[in-house]
There are 2 protein chains.
Amino acid sequence: MSADQKQPQQQQKGKSAISPTRSEDYAEWYQQVIKAADMAENSPVRGCMVIKPWGYGMWENIQKTLDGMFKDTGHVNAYFPLFIPLSFFEKEAEHVDGFAKECAVVTHHRLEPKPGGGLQPAGELDEPLIVRPTSETIIGAMFAKWTQSYRDLPILINQWANVVRWEMRTRLFLRTAEFLWQEGHTAHATEAEAREETRKMLDVYATFAEDTMAMPVIKGEKCSWERFPGAVDTYSIEAMMQDRKALQAGTSHFLGQNFAKSSGIKYLSKEGKEELAWTTSWGVSTRLIGALIMTHADDDGMVIPPKLAPKQVVLLPIYRNDADRARVLEHCQALAKELKEQRYGEERVKVEVDDRDMQGGEKAWFHVKRGVPVRIEVGPRDMDSGVVSVMRRDKGVKERENIPRGEIAGRIVGILSEMQQGLYDRALAFQKQHTKELTTKEEILAHFTPKNAEKPEIHGGFVLAPFVDDKAVADALSEHKVTVRCVPIDQAPRPGVCPFTGKATDKWAIYAKAY
Amino acid sequence: MSADQKQPQQQQKGKSAISPTRSEDYAEWYQQVIKAADMAENSPVRGCMVIKPWGYGMWENIQKTLDGMFKDTGHVNAYFPLFIPLSFFEKEAEHVDGFAKECAVVTHHRLEPKPGGGLQPAGELDEPLIVRPTSETIIGAMFAKWTQSYRDLPILINQWANVVRWEMRTRLFLRTAEFLWQEGHTAHATEAEAREETRKMLDVYATFAEDTMAMPVIKGEKCSWERFPGAVDTYSIEAMMQDRKALQAGTSHFLGQNFAKSSGIKYLSKEGKEELAWTTSWGVSTRLIGALIMTHADDDGMVIPPKLAPKQVVLLPIYRNDADRARVLEHCQALAKELKEQRYGEERVKVEVDDRDMQGGEKAWFHVKRGVPVRIEVGPRDMDSGVVSVMRRDKGVKERENIPRGEIAGRIVGILSEMQQGLYDRALAFQKQHTKELTTKEEILAHFTPKNAEKPEIHGGFVLAPFVDDKAVADALSEHKVTVRCVPIDQAPRPGVCPFTGKATDKWAIYAKAY
């Protein structure tokens, strides 16, 4: 233990920083982590959140990495209108059915004085405008204009945007009326090409989730009743949260010719024949930040995989008087400079010296709760003995390693990489531990029935079981709040009997409770 | 002239690529440049544009540079709701007056079947929501929650977002119902600090305009009747377009305590006294792309300053048969690799080999019209003689320089820098040439009266004249469509007499017609 070490306050009391803990009340723990890490909060606008700088910093890092991956796979960014005329929205019947119940509708274009004071909407629009819940219809209308010949295809476009779905029950990051996302939209000359695109982007999402978010996922195909409204096939990546529920973290849709038909995306083939194009769409959203929290955070607050951390290393100067303060701060600035010169991946290591005048324990906990990957304490005695005291957020709050001052710059990238990998390994072990292969209805339903009435949220997990795409399966499961998450695509056909319909099948699906 | 040189098609006819030209019809030329460069187009949604990949690529570069400048000056990004409850909007009287006539209003939150078919808005909201035209009121409400003590200040936040102002007459990039922008919002403990922030961000905008956009600007204070609704002082940067009109390219507002009062942004001072905070806001938008076009584009299409070009160098392989094709392409790929290794500023040079099967002249014009800064032609004879043929977009379409193959990688960054500087110098010379100091009403009004009825748009410019902040000035100018742009801040007091009120003053202002 380093001579200058400050014991964080709460730790001395033997308590965790977040109350309640995960096992006490998982849902409330989630809210408290967001609050303690200062990532987001509810706004005065029903269902809309404010993403605070620390949370938004993670979104910026998510954007930067994903955007690079989209560009590496040949996509370009563009921007389409926020509003969709009602008549466009109505063109695809399944699509409008899927979103009609949760649309923000603009009906007026100005305000006028209200008799008795205040203002009221005025200037009624001839046609109501829908605030986009997703942009297939408006982008489809543009693709139709842009596509004349086979030479105009493929169109490979992505949009970073806000969307609105008027959800009745909202939860920060997981389900909000407005959220930020990206939506890829592509048009192709052939079915094969569009199917390939759908799967390629699913792979991009899975790679991103695993490599950058340190979050293992299962890639699979959605059952027919969980498809995107208007899609022919929907694929998703599914992750297991720490309460063992599934979270759908990204989707990729093969839209067939449905939207090409309703929007008129036609082209003249090489042979001079008019053909309908084939389209895809795919998206991930700020929901990923919810997934990040529920995959990695613990009872002391947020834990951020180094690749997504707005700050990767924080230096905490420790001093008891002004003379110490000056030389410790100087030492920290020099160390910070050295650390910032290191490259972690494409970028420089993100380092901050926290020189605020604040009690040492309070300051340490500030960064623990926010999930900064590495904290380095430097005090006068450490300086004299030529060491720094290094703490990793993925280890116990009491654990620290004294590293010679001369070695730390050379080791920091290794430490960050090790933590990134360690978080992934831990999450993968958790997912595997809580995935069971079961084949009978009784076993499956028992698996999803809480054994402990006091902590009903900590049970279950993923079940891999035979599956046929028959709505009877959904009906049998709905009262137990269990859903079919996906049919994993990385599996060979294997004979079995669907436990809910008794029908023979060679497909197995992941069943789980879900967000 | 290089042996392999292709004469661009249109050039052989002696025509420019854009019709009409600037002098024939400036307004129509502007639209045609956007079309020819494939930057944006009108959408089926009234007043809303689609920003196409080439235009959006410029916006991404604008964002990247500005975002870095905001962060270097201590700001962090966050995200606030798209919707503003009507009651919040009404809190600041001048503010709501300023925006009430151009608001998109959400009144319903779902759609239901309409008798007779189709859908209609349903689920009327208790309180209408305004789609944000700017976010002072909603962000102010959050700042009020976040600010308890002087220790919580300053708050230095920026948001990248879309906003909606229901403009009746729209023009791509310059004035659209929906546009993309950034809005900075800060809160401070003292007036001096808030005033310093306002000026600091004006400086950031001016530096960005001049260094990155190669667009000279005049920094100044707006007159009282052109202030942002609710501001105490508004500052702007004003640029001169090629039709000699002014374009306001960015604004920075000192809001005093107006929004702090209406939103309740209070804090406890060091002395334990409750005080109102002082706030600022500042923004630039996709309008900057309009400014970019009207500053640099010419009668052959877009001209992009290298620092903002999505592609900075395009390699054009020239061949007449398949054997040539293979070796020329291989040569181009090797050259592209070398060029991409060079750093221009922080980033690698952006290089593309255009290997599409397309007639050579057509291909060259494709890139001329889009404004790619440097085109490099490589043909079999060039290869044999060891040169490449380099064309710069800021020079005549016929001008080319043969550069030894071995030297081009070492010279490319110099060429880009020279072009960046050259565009700025040219624009600055134009601005100076068309800025006149005048002191009488008659001279000023004559200056703004077209001499040539056939080309009324090509006249005028900036006038620097004495000014007093009196609404009588606006009244005297309004029928001539002349406005007071700003009182430049980089000028010493100088005695004069306001030509419109006869009052003595020591301030001089820029007068101009404006976008």
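Which strand of chain B holds L315(B)?

## L315(B) in its strand

L315(B) sits in β15 of chain B, residues 313-317. Helices (H or I, at least four residues) and strands (E, at least two) are DSSP runs, numbered from the N terminus. The model is predicted: local features need pLDDT of at least 70, side-chain atom pairs count only at pLDDT 80 or more, and totals for chains, interfaces and linings use all residues. Residues are numbered from 1 along each chain as its sequence is written, chains are lettered from A and ligands numbered from 1 in the order in which they are written, and side-chain values use heavy atoms, leaving out hydrogens and water.

L315(B) is buried, at a relative accessible area of 0%. Buried means under 20% relative accessible area, with a 1.4 Å probe and protein chains only. Beyond neighbours within four places in sequence, L315(B) has contacts (heavy atoms within 4.5 Å) that include C332(B), L335(B), V353(B) and I376(B). R494(B) lies 179 residues away in sequence and 54 Å away in space, C-alpha to C-alpha.

## An enclosed helix in chain B

Helix α9 of chain B covers residues 287-296. Ten of its ten residues are buried, so the rest of the structure largely encloses this helix. Among them are R287(B), T295(B) and H296(B). The buried residues pack against α2 (26-36), α3 (53-72), α7 (191-212), β11 (246-254), β14 (278-285) and α13 (408-433) of chain B.

## Chain A overall

Chain A has 15 helices and 27 strands. Its radius of gyration is 26 Å, close to the 24 Å of the globule rule for 515 residues, so chain A is as compact as a globular protein of that length. The radius is taken over C-alpha atoms; the rule is 2.2 Å times the number of residues to the power 0.38. The C-alpha trace spans about 80 × 60 × 60 Å along its principal axes. Buried residues account for 60% of the 515. Of the contacts between residues at least 6 apart in sequence, 71% join residues at least 24 apart.

## Aromatic pairs

The whole structure holds 29 aromatic pairs over all chains. Rings of Phe, Tyr and Trp (its six-membered ring) pair if their centres lie within 6.5 Å; planes under 30 degrees apart count as stacked, over 60 as edge-to-face and the rest as tilted. F467(A) and Y511(A) have ring centres 6.5 Å apart and planes at 75 degrees, so this pair is edge-to-face. F467(A) lies in the loop between β23 (462-466) and α15 (471-478), and Y511(A) in β27 (residues 508-512), so the pair ties together parts 44 residues apart in sequence. Both residues are buried.

How values were computed:
Buried < 20%, exposed > 50% of the residue type's maximum accessible area, 1.4 Å probe, protein only.
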